[in-house]
Amino acid sequence: MKDGRYFEGMNLYSSGVFDAVVHFQEEGLMIAYVDQRTRFLQTPTAPWVQDFVVMDLAGIQKKCPEYLAARWEGERVELPCGDVYSRHITYEDRTGRVSQVWAQRNADPALDIITLEGEVIAFLMSNRYGMEVVVRPGCEDLTPLVQYRTDPLLSQPVYGIDCLGIQQCAMRDGVKLAQRVYLPQGGRPGQKWPTILVRSCYTKERFGYKLSKYVNKGYALVMQDVRGRGDSEGDLDPFAYERDDGSDTIDWIVSQPWSDGNVGMWGASYLGHVVVQAATSGNPHLKCVIDEVNVGSPFIDTVRRGGALCSQPLLCWALAQSSGQRPNMYYMSDTVDWAPMMDIRPLSSLAEKVLGTPKNDLWKKWTTHDEENAWWQRSDFTRNFHRVKVPMMVISGWYDGDGLGVSETWRGLTKYDVPGRRIVLGPWEHGPNTTRDVEGVAFGNNAIIYNFDINNLRWYDYYLKGIQNGMDGEPRATYYVVGENQWHTSDDWSPAEAKMTCCYLDSDGRANSCWGDGRLEWENPAQEGSDTYHYDPQTPFSDLVSEQVGHRSPINYKGHEAGEDMLVYTSKPLERDVILAGEISAEFFASSSALDTDWILRLTDVDEEGNSRQLSENIIRAKFRDGFETAKLLEPGKVERYFLQMESNGWRLAKGHRLRVQVQSSSKNLVFPNTNTGDSPFEDMGSVVAVNKIYHGGRYPSHINLPLIFC
């Protein structure tokens, strides 16, 4: 440090675009921004705006003394503040200088550090929008930035950004939606551009700056408020209008004088659902889609998962969207006390009791239609998958709470053999490519990839600009195997090399808890049997959830499998390593004393110390066993067959570990408990205790289907 200056004059790049010069000083931050339109560097200013980047520049400034004092050597570096770094990859520039990347562990998002001869020269952070790098001038080629700079087939950031302001386009029913249009500045007079369309329920301003890097690289960007959000007209009716509104917006884009007629889309989570819906319109001007962690159809992934009403993940989103024309993100933060809200009854009154008078009747609509009737079917994109012709890159991870929606999308693309489809599945959460550790499970340093946004750009370059970069020849599926900590590719997903293997439930009649006699066998037992447990809606299982709202994780159920209201089936120790990779499902036979109940199956990996890590789970409401369109109450005591599509995964099952299947009937933090009465779940104030049975062996081959690759 010299004269109170920690790191002076560091260049900041977002997705390879030079954005600012950052001065880390003892007294604080000073930043000189690059003017978006002219690309001229402005005068340094303070304070700065955090939304400018994902990277916490103020946090870096506070830790500068520790970064400077650290001895960056060996395999592991731990700072006094507790930050831990692991030696990662190296970069060599044309002059022979070699830098060292240090991967941050146990952090989300991870802030990696790059050193040269033991001195810090760069900080880098990856996220879904792109890679952010703060680097000493002249050291760019000693960082992952070299990928942007040396690929001759990659669109380069040679343009400024011209914002045309807020414009409106009319939908087929006359409702006008609002969007901001960004065009490249500095092209030829009258030049036309391919367009990337993003339609958001979180307002068009939220992601605009982060996604504007595509404009620097020669794309028009249209950021639109979906119907009933932000400055758009109409009423909020999630999912229902997104196919037609998306198609109408695409038509509006290609009618503009700046459009070259080629449109691509990007979206994540609800925005991902939006792009899938638009693809099902069959609009010929939509040439490609990037779909991240998309919300699925209502009865598969969100709102009514398996026919039950989703609780915490859905509730936080619904309350945020119901509070006004612009979402109140307070309800999606970790400061909300959800416990009292989860106990409000009847469920139909929940939004009103929390918000007073909601600005829209979203929750009321959702708690009016129990079966998958025509009202719900408007929102089910799977009914229109036969119209999808557009190449789609699907991105998700093992710990994405909308993984079932992603799997549903991929099955649709596969069923209709949509050309150009690709899928990338990492050890990632709902916000992909940000961490190397989840719930105590450590992945490799390679869990975060430094070409995430480059791959997205190459996708658009190929399909929207016609750049022959080989994107069409890459493997259809790319996936990460946790435990092995390696990336794999395959000709399909589930992997073509995986063998679907049945693992059967068995017991001596007392499979209750992990201390019972429940077993998993590789062949269907000849002897028929059953196991019984009681489910009381007044004492539901409060399943373990991660602090990040809405995502699944490899939660450790050790110490939470001793209840008599849970059946547990465990295999013998594996005799060799096996890779579990692909789509998982279950078929089982069950009866209940009640008119309705829920069935929840969970697959875990049990190590020698008894740690029981969740791999997959899902739920089915009994009355929807034959489909969601018609509810059929149970005949008490009658054995019924159930099929359950579960969450996919990529996981190494180590030699000596055991597989385990848990069966129970409640998961309070996932869905509101079934009252078992068969009455309306939205108005019911009562409940009954259900005596539930799982049957196995002989005529009842209850089993779980596992895609296994034998090592």
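**Pocket**

I started with the second largest pocket, which holds about 590 Å³ of space. For the record, a pocket here is an open set of points on a 1 Å grid over the protein atoms alone, where a 1.4 Å probe fits, with protein on both sides within 12 Å along at least five of seven lines. Its volume is the space filled by probe spheres set on the points, which are joined across faces, edges and corners.

This is a predicted model, so I kept in mind that local features need pLDDT of at least 70 and side-chain atom pairs pLDDT 80 or more, while totals for chains, interfaces and linings use all residues. Residues are numbered from 1 along each chain as its sequence is written, and side-chain values use heavy atoms, with hydrogens and water left out.

I looked up the lining (residues with an atom within 4 Å of a point) and found 23 residues, with I300, R411, F628, F643 and Q645 nearest the pocket centre. I sorted the lining into 11 nonpolar, six polar and six charged residues; Ala, Val, Leu, Ile, Met, Phe, Trp, Tyr, Cys and Pro count as nonpolar, Asp, Glu, Lys and Arg as charged, and the others, Gly among them, as polar. At least two lining residues each come from α12 (403-415), β29 (612-621) and β30 (640-645). Helices (H or I, at least four residues) and strands (E, at least two) are DSSP runs, numbered from the N terminus.

**F628**

I found F628 in the loop between β29 and β30. F628 is buried at 17% relative accessible area (buried is under 20%, exposed over 50%, partly exposed in between, with a 1.4 Å probe and protein chains only). Beyond neighbours within four places in sequence, F628 is in contact (heavy atoms within 4.5 Å) with F299, I300, G306, G307, E371, E372 and I620. I noted that F628 and G307 are 321 residues apart in sequence, yet 6.7 Å apart C-alpha to C-alpha.

**α12**

I checked the helix next: α12 has 13 residues and spans 18 Å from first C-alpha to last, close to the 18 Å expected at 1.5 Å a residue (1.5 Å times one less than its number of residues). α12 is largely enclosed by the rest of the structure, because 10 of its 13 residues are buried; W410 and L413 are among them. The cover over those buried residues includes α6 (270-279), β15 (286-292), β16 (392-399), β17 (422-429), β29 and β30. After α12 comes D417, with a positive phi near 45°.

**Cysteines**

I counted zero disulfides (a disulfide is a pair of cysteine sulfur atoms within 2.5 Å). The C139 sulfur is too far for a bond, because the closest cysteine sulfur, in C64, is 16 Å away.
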